[in-house]
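Trainee: I would like to go through this model and ask what stands behind the terms used for it.
Mentor: Go ahead; each answer will set a value against its cut-off.

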Amino acid sequence: MKLFLRSARRSLTDWTDEQLLAAWQEQRKEACFQELFNRYHHLVYKMCGRHLRQAADRKDATLETFAALMDVPASKPIQSLPRWLYGIARNICISRYRAQSAGPVLSGEEYFFEKNAGEIVENEGLLRHINREHPHLSDLLPRALNQLENKQRQCIELFYLEEMTYKEVSEKLGYDLKAVKSYLQNGRRKLSLILQELQSERS
Amino acid sequence: MKSFFKERPCLSERELQRYVSHELSPRQAHGVEAHLLDCPLCAAAVEGFTMHPFSAEDEAALKELEIEEMPPRRQRAFGRIWLNRAAAVLLILAGTYAFWQYREATRHQAIFAAYYDPLQPDYLNLRGAAAANALSGKPELQAALKLYKDGDYEGSIVFLERHLNDYPQDIQASLLLASALLGEWQPERAIHLLHQLEETDVAAADLYWLLALAHIQNNELGAAERVLNQVKFQDSRAERAAQLEMELNP
C-alpha cells in the first residue's frame with residue numbers, strides 16, 4: 001500500500017500546476033493540494049523574508065497564503081500560480097507589516113513595497129503567450145530588438161542570444177549588476193509592447 | 001534567442017540555495033536567471049533569501065512547514081480515522097475468520113477426545129482359569145495388555161504387533177491394536193487395519209465404532225457419519241452413536 005501511495009505521489013510531481021489546481025478546485029483532491037504546497041511553500045517562505053523579519057511571521061504568512069489558495073473556488077481560475085502566490089503573499093506581508101507597525105505605512109515603507117513590486121515585469125507572460133499562440137511572431141523579434149534602447153538591446157542580446165549570466169553581462173558591458181537586471185526587465189517589457197504593435201500592423 | 005521562450009519550472013529549494021551560493025555552472029545560472037526574469041515568485045524568493053541569510057530558526061520553520069498540518073491534511077486525518085476504523089473492522093473480521101478456521105480445524109479433535117474411550121478387550125475381562133488359558137504362552141500379548149491397561153499405547157502397539165505376527169487370526173488383539181493406534185493418533189493405520197477386519201466375524205459394533213472414531217481423528221467427518229449409519233448400535237453405544245451423529249451434523 002505504501003509503495004502504491006508512493007508511486008501515486010511520484011506521478012503527481014509530473015502534473016502541471018493547472019492540472020493540480022483543477023483537481024483541487026473541482027474535486028478537492030488533497031494530494032494535489034499537497035503537491036502544490038510542496039512545490040511552492042519554500043519559495044513563498046523565502047519571499048516573505050523580504051518583508052518580515054521574524055521566522056515565525058514568515059511561517060505564518062506562508063500558511064496564510066496557502067490557506068487563501070485553498071479557498072479559491074473553481075469559478076475563479078488561476079492563470080499562473082507562482083504569480084498568484086506572489087501577489088497574495090505580498091499582500092499578506094504588507095498587512096502584517098502594517099499591523100506590527102501599529103499604524104499606517106509611512107511613505108518610505110510604501111516606497112519600499114512599491115519598489116519591490118515594480119521589479120516584476122507586468123506583462124511577462126506575453127512572450128510566453130506569443131510563443132504558444134503566435135509562434136510565427138518570433139520572426140518579428142529582430143525588428144523589435146532594433147527598436148529598443150541601445151543598453152537594453154545589448155543586455156537582452158547578450159543574455160538571451162549568448163546565454164550569458166547577469167554577472168557575465170555586467171562584466172562584458174561594464175554595467176552594474178542591478179542595472180543589468182533593470183535593463184533586462186525593462187527591455188523585455190518594452191519588447192513585448194513593440195511586438196504587440198508589430199503584430200497589429202501585420203494583421 | 002531560443003532561451004527567450006524557454007519555460008521551466010520554478011526553482012527547487014536546492015537549486016535556489018546553489019544559485020545564491022554561486023555553486024551553479026554559468027549555463028545553469030543563466031537558465032535560473034532567465035526564469036527569474038519571468039517569475040515574480042522565484043525572483044522575490046531569491047531576493048528574500050539574499051537579503052536576509054537564513055538562520056537556524058528559518059531552517060526549523062521550513063522543516064515545520066514540511067510537516068505542517070494544513071487544513072487538507074486535517075481532512076486527511078479524518079480520512080485516516082476512517083482508514084483506522086476500516087482497519088479495525090478488518091482486523092476483527094480477520095480475527096473472527098482465524099478463530100472460525102481454528103475452531104473448524106480443531107473441531108474433529110474435540111469430538112474425538114469427547115467420544116474416544118480405549119476399547120476394553122475381552123482379554124481384560126477374563127479371570128482365573130480362562131485368563132490363564134487365553135494368555136498362556138503368549139508373553140507379548142501379556143505385556144501388551146499390561147501396557148494398554150496402563151495407557152502406554154505406544155508400548156502396547158509394539159507387543160501387539162509381535163503377538164499378531166504369531167497369531168494373525170487373533171481378532172481381539174487386532175481390535176486392541178486399532179484402539180491403541182487411535183490412542184497414539186495414528187488414524188490412517190487404524191483405518192487400514194479396521195477395513196481388514198471387516199472381512200472377519202468381529203463384532204460390528206466395536207469395529208464401526210472404532211472406524212468412525214478413526215475417520216473423525218483423520219478429520220473425515222462425512223466418512224465417520226456414513227460409517228455410523230452402516231450399523232445399528234445397541235444399548236449405551238446406541239445412545240453415544242446418536243449423540244455423535246448429532247455432533248457431526250449440527
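Trainee: What share of the contacts in chain A between residues at least 6 apart in sequence join residues at least 24 apart?
Mentor: In this predicted model, the share is 57%. A pair counts as a contact because the C-beta atoms lie within 7 Å.

Trainee: What makes up the secondary structure of chain A?
Mentor: Chain A has 11 helices and zero strands. From the N terminus, the order of elements is α-α-α-α-α-α-α-α-α-α-α.

Trainee: Which residues of α11(A) are buried?
Mentor: Among them are Val180(A), Tyr183(A), Leu184(A), Gly187(A), Arg188(A), Leu191(A) and Leu195(A). The word buried applies because 20 or more other C-beta atoms lie within 10 Å. Of the 203 residues of chain A, 33% count as buried.

Trainee: Why is Glu163(A) called partly exposed?
Mentor: Glu163(A) has 18 other C-beta atoms within 10 Å. Buried needs 20 or more and exposed 12 or fewer, so a count in between is called partly exposed. Glu163(A) sits in the loop between α9 and α10 of chain A.

Trainee: What makes the phi of Glu163(A) worth a remark?
Mentor: Glu163(A) has a positive phi of about 55° and is not a glycine. Most residues other than glycine have a negative phi. In chain B, Asn219(B) also has a positive phi, near 60°. Asn219(B) lies in the loop between α12 (204-217) and α13 (221-230) of chain B. With 17 other C-beta atoms within 10 Å, Asn219(B) is partly exposed.

Trainee: How many residues of chain A are in contact with chain B?
Mentor: On the side of chain A there are 46 residues, in contact with 39 residues of chain B. The helix α3(A) gives the most to this side of chain A, with 13 residues. By kind, the residues of chain A that touch chain B divide into 25 nonpolar, eight polar and 13 charged.

Trainee: Which residues touch the most other members of the largest nonpolar core?
Mentor: The core has 57 residues, and those with the most touching members are Met47(A), Ala89(A), Leu41(B) and Cys42(B). The largest share of this core, 10 residues, comes from α3(A). Leaving aside neighbours within four places in sequence, Cys42(B) is in contact with residues including Leu43(A), Pro82(A), Cys10(B) and His35(B). A second, separate core has 37 residues, including Tyr153(B) and Ile191(B).

Trainee: Where in chain A does pLDDT stay under 50?
Mentor: One stretch is residues 1-8 of chain A, with zero contacts beyond four places in sequence. Another is residues 103-124 of chain A, with 17 such contacts. Chain A averages 79, with 76% of the residues scoring at least 70. Where pLDDT is low, the predicted coordinates should not be read in detail.

Definitions and conventions: Residues are numbered from 1 along each chain as its sequence is written. Chains are lettered from A and ligands numbered from 1 in the order in which they are written. This is a predicted model: local features need pLDDT of at least 70, side-chain atom pairs count only at pLDDT 80 or more; totals for chains, interfaces and linings use all residues. Two residues are in contact if their C-beta atoms, placed from the backbone, lie within 7 Å. Helices (H or I, at least four residues) and strands (E, at least two) are DSSP runs, numbered from the N terminus. Ala, Val, Leu, Ile, Met, Phe, Trp, Tyr, Cys and Pro count as nonpolar, Asp, Glu, Lys and Arg as charged, and the others, Gly among them, as polar. A nonpolar core is a set of buried Ala, Val, Leu, Ile, Met, Phe, Trp, Tyr and Cys residues joined through C-beta atoms within 7 Å. pLDDT is the predictor's confidence in each residue, from 0 to 100.
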